[in-house]
Amino acid sequence: MKGKSLWSDARSRLRRDPIGMISFVVICGYLLVALLCATHLGFKGYNVVDNSIAYQEPSVVHWFGTDIFGRDVFDRAAHGTITSLTVGFFGAGLSVLIGTILGAVAGYFGGFADELITWFYTTIDTIPYILLVVAFSFVMGPSLTTLCLAIGLTSWIRHCRVVRAEFLKQRERDYVQAAAALGSGNLRRIFVHILPNTFHLILINFTLGFISAVKSEVILTYLGLGVKPGTPSWGAMISDARLELSRDVWWGLAAATIFMFFLVLAFTLFNDALRDALDPKLKSR
Amino acid sequence: MGKYIFRRVLYMIPILFGVTLVTFLLFNVAGGDPAAQAAGRYATPAQIQAMRVEMGLDKPMVVQYLNMVKQIFTLDWGRSWSSKQQISILIKEGVGPSLSLTIPAFILTLLISIPLALVMAYKRNSIFDKSLLVSCLALISISSVFYVLAGQYFISYKLGWFPIWGWDPTWEGRWDYVALPLLIMVILSIGGDILFFRTVFLEEMYQDYVRTARSKGLPERRVLFKHVLKNALIPIITLVVLEIPFLILGSLLLESYFGIPGLGNLIYRAIQESDFPVIKAMTIMSAVLYIVLQLVTDVLYALVDPKVRFE
Amino acid sequence: MSENIIQVRNLAVEFRTDEGIVNAVKKISFDVPRGKTVGLVGESGSGKSVTSLAVMRLIPNPPGKITGGEILLNGKDLLKLSESEMRNIRGNQISMIFQEPMTSLNPVFTCGDQIAETLMLHQKLSKTDAMAKVHDLLTQVGIPNPAERIKSYPHELSGGQRQRVMIAMAIACEPDMLIADEPTTALDVTIQKQILDLLADLQKKYQMSILFITHDLGVIADIADEVVVMYRGDIVEKGHTEDIFLKPQHPYTKGLLACRPSLEKNPRRLPVVSDFMTADGKEKVIDVAVMKQQKQTRAIDVKHSELLKIQNIKKHFPLQKGMFGAVKSWVKAVDDVTLTVRKGRTLGLVGESGCGKTTLGRTILRLIEPTAGEIVYNGTDITKLGREDMRAMRRKMQIIFQDPYASLNPRMTIGAALMEPMIIHGLGSSREERLEMAGELTKKVGLDRSMLNRYPHEFSGGQRQRICIARALAVKPEFIICDESVSALDVSIQAQILNLLLDLQDEMNLTYVFISHDLAVVKFISDEVAVMYNGKVVEMNDAVGIYENPQHDYTKKLLGAIPKGMPKHLIQ
């Protein structure tokens, strides 16, 4: 008879949460859009240049009108999904990876390793985030990769703190002590025992990091440190809106904002649902 | 208490060292050739070399680093590459406008979000709570740039209530220019703040001492506003005070969009113009300020939480 | 005025959980007479705490709800009162004290403020008048230096003192009834005695009724006039204390009373509740074989050969660090302890919290490294062993921890947990073989092989502790440290586990060091007993001698503080 692991418990709790499920579907929807765009199976109008219909208002043909080159704004916004999902996934992924490794080492081994790592992240934390990212972007030049790396290499600190605290706590727990008494070495204790019990934190922080990365992309693009000009991205569309608005062209801003709104909202709600499912004692609703 | 402060000061030193080291590595090593930049686009290699000597860049790394540290201690930030002005003057001039924006925004945000979050926790799951919850979630799902653009477009451009752009250095005149960015800054922060504070209050309400307070017959209002609030303030203060050092940096986004000549704008232009000395100066200055103000925080913290005083 | 201050009639409480609706309290009725103490006794899941919260109408809603019944206070039904009327009663006519005084007191207000708050609320006293009364109350509850303690914060007080502060807060308005929910369970037995005496004094002084909730029948015997026994949400028996103890009617009560280890007897096996009662609560005729076993006494043997010698063991922890990390003072958790453990026998290690017994246990296994001293196991000083040799040694020396909920990795199946030690030590040459061995282990501890695929949270506390025992046995050890291994279990489960440990010892010739704060439990299972206090062993004797003939003052104090387990006037 197969037992019910804590993960399957969490999954069934999540399934019973309507808001969580709806957000999950929405996120999958965005993934689908990104896939369609990347494979050129849909939203093909994003690249079709036609200067005669530049800056047209939204209409039945072009739901969000056209931009300065006559390209379909709706399709461009759809393609922006690829940029945001990439930045979100790799930026948050990198940050969670670094944070987990450093946090685990600091929390588990303590002593000098802990002091060194703590000094390191306190130092980086003291420098304003924006200036750090600027420094990175200068060195590497603006591109999607730079963006992912810059965000990943600067936002790991919060997650690192959380993982470190968790490892410190779990290290003293009886089940880890029992493993030591049974003769297990440090590696086994870290990877077989403590790490699986921190996955829920990693998951939650990943979604949080994702949201923050997507929002950061906009600001960084505005500063000129974002993707290469010409690549469709929500950040670019919102930045360009500054000039467009002076000509009463509001649909570029609207499209990008609406696309981003639902993705961020879905992730936020999904994050809350994940939290509740993974540890019902923390019900904050 | 004195021992506590001394220990904290001692702890600051390796951090300061780390910060200067990172800044040095980042800007002096990775950031391109300062001599070439300073000499100008049309300089000959000989002129660049002369510049290098003048800037002390031909000396070994360690000496350069120590020079930088010396400069920091004497508050000699050097000159901006683009405007050639003394950076310390630029900073002094920029502080006023930045603080005129950030301090009122900071205070207003707290004055609005803490009480609102408290009431939401008190009336949890009511219509009031749920609708505010949804509003906050919506607020944080929209990019800050959108608020700026929308604010400028509708309120300044279409309705004409406030100027779109600009600044008045006089004390009375500036508030006309601060009003709209202030409003936007508050809107940007309250969403996330309210959600966070509300969670803190709710979690605190599950503690054992709340059950004891109820068992004494205290009305729910007193339980929340007296017992829970003081405990919940501890994590809240911790977080809030961490934001104070960054107030001086102003808002990069708002100052650049609204043309407010604060430190945020200074950083923005420095980024656009690759003006390293300015960026470096701002980095170090804000880091030092952050460390010092964190010390002040810790002391304040000790005053609120009786357990900390006895470490 | 009726003779009963509280009358509970057909009270029912339900809770909404992930698995559906749970009937925590199923239509119970009982009375609390004026000026008397009613002991509400039961194990976990009996509904006793829920009942006490229901009387105060403090059941958290959601997920709980009172679904029926009446609670009459002087004839008035509390369940029909408005919330503001009920608030007038809380802290005023009925007060409550809880189990964990540290978390039950607000950490950011002074003790004086918290006590004064009740006075100012119900008796409308001014701040100065209230503070004067607080001073008086603190003296009444036996807190030294009341003038200073008024300004102290909870974390500056000891556990016993905090509970006294809670009591002061509860009696401030001279309530007609005090509800005490396991108030001494988290306290040492010597402190417990002081608190129980204090409550008895206050009861006499204020003519107050007390509803005392506990799982400890010994405490009930000491302080209660009436007893109400609860099991799975029902009241199975109630009556005067002497009747319950001398002539228990219900099989559960009989089992509960019988399964406690006592200081006077020396049985080979403890009776368990399932000897008296079937799974669905019916009376069972006691098995003849079981009866015979219950008559057997256990032979205490102190002459076996030496297996483990602990020589001058010290474990010091840094307490205060100076300016630059130099340690200024130390906590001597284990202060020069020398002990001998005999092969195939049990050494009991007993003491109150902070005496160092748990630290000593972990140091013996080098889970904590000793600061000084030797641990000689079968001739080898294990403090000097390197990593590989120590790992090999770990096969022979195992440990079972206190908290069955924390000792198992929640994300590992039982099977994986049992097979892990086999993998580490290279036992069993294939997965099938290891699975087979794991199955055997589950059988040995009285569980079913089908449990191997399931996860710890699907089992009860007693079952998890059996799994921990099986895991320790997986490496075929010779020596096991039982670190408060039954302290977190219900009394009836405790008896089962103790029996199991003894059976395993006989079967596999195991050597035990049994650590506990519970003297009766230690007496049951040990051949020799060492008493620890402040990091030192103050007395050591065989299991009978230490109880009949205590030498050291501390041992005498410890023995004197234990509830006698029988109503007072019956002991003469």
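User: Which residue just after H9(B) takes a positive phi?

Analyst: That is Gly217(B), with a phi of about 90 degrees. Keep in mind that this is a predicted model.

User: Why is H9(B) called largely enclosed?

Analyst: Count its buried residues. A residue is buried if 20 or more other C-beta atoms lie within 10 Å of its own. In H9(B), 6 of the 8 residues are buried, so the helix is largely enclosed by the rest of the structure.

User: Which residues of H9(B) are buried?

Analyst: Tyr209(B), Val210(B), Thr212(B), Ala213(B), Arg214(B) and Ser215(B).

User: What covers the buried residues of H9(B)?

Analyst: The cover includes H10 of chain B. It also includes strand S6 (94-97) and helix H3 (101-104), both from chain C.

User: How many residues does each chain bring to the contact between chain B and chain C?

Analyst: Chain B brings 17 residues and chain C brings 22. On the chain B side, H9 (208-215), H10 (220-247) and H14 (306-309) each supply at least two. H9(B) gives the most, with 6 residues.

User: What kinds of residues make up the side of chain B that touches chain C?

Analyst: There are 4 nonpolar, 6 polar and 7 charged residues.

User: Now the helix pair. How do you know the arrangement of H7(B) and H8(B)?

Analyst: Two packed helices are described by the angle between their axes and the distance between the axes. For H7 (residues 144-158) and H8 (residues 174-204) of chain B, the axes come within 10 Å. They cross at roughly 140 degrees. The crossing is right-handed.

User: Which residues of H7(B) and H8(B) meet?

Analyst: From H7(B) come Ser144(B), Tyr147(B), Val148(B), Gly151(B), Ile155(B) and Ser156(B). From H8(B) come Leu180(B), Ile184(B), Ile187(B) and Leu188(B). This contact divides into 7 nonpolar, 3 polar and no charged residues.

User: What are the domains of chain B, and where do they lie?

Analyst: The domain assignment gives domain 1 (2-74) and domain 2 (87-304). Their centres, taken over C-alpha atoms, are 33 Å apart.

User: What makes the two domains of chain B count as touching?

Analyst: Residues are in contact if their C-beta atoms lie within 7 Å. The contact takes 14 residues from domain 1 of chain B and 11 residues from domain 2 of chain B. On the domain 1 side, helix H1 (residues 2-29) of chain B gives the largest share, 11 residues. That side divides into 10 nonpolar, 3 polar and 1 charged.

Technical notes. Residues are numbered from 1 along each chain as its sequence is written. Chains are lettered from A and ligands numbered from 1 in the order in which they are written. This is a predicted model: local features need pLDDT of at least 70, side-chain atom pairs count only at pLDDT 80 or more; totals for chains, interfaces and linings use all residues. Domain bounds come from an automatic or database domain assignment. Helices (H or I, at least four residues) and strands (E, at least two) are DSSP runs, numbered from the N terminus. Ala, Val, Leu, Ile, Met, Phe, Trp, Tyr, Cys and Pro count as nonpolar, Asp, Glu, Lys and Arg as charged, and the others, Gly among them, as polar. Axes are lines fitted to C-alpha atoms, for helices over the stretch in contact, and angles run from 0 to 180 degrees between N-to-C directions. A crossing is left-handed if the near helix is turned anticlockwise from the far one by less than a right angle, and right-handed if clockwise. A residue is buried if 20 or more other C-beta atoms lie within 10 Å of its own, exposed if 12 or fewer, and partly exposed in between; C-beta atoms are placed from the backbone.
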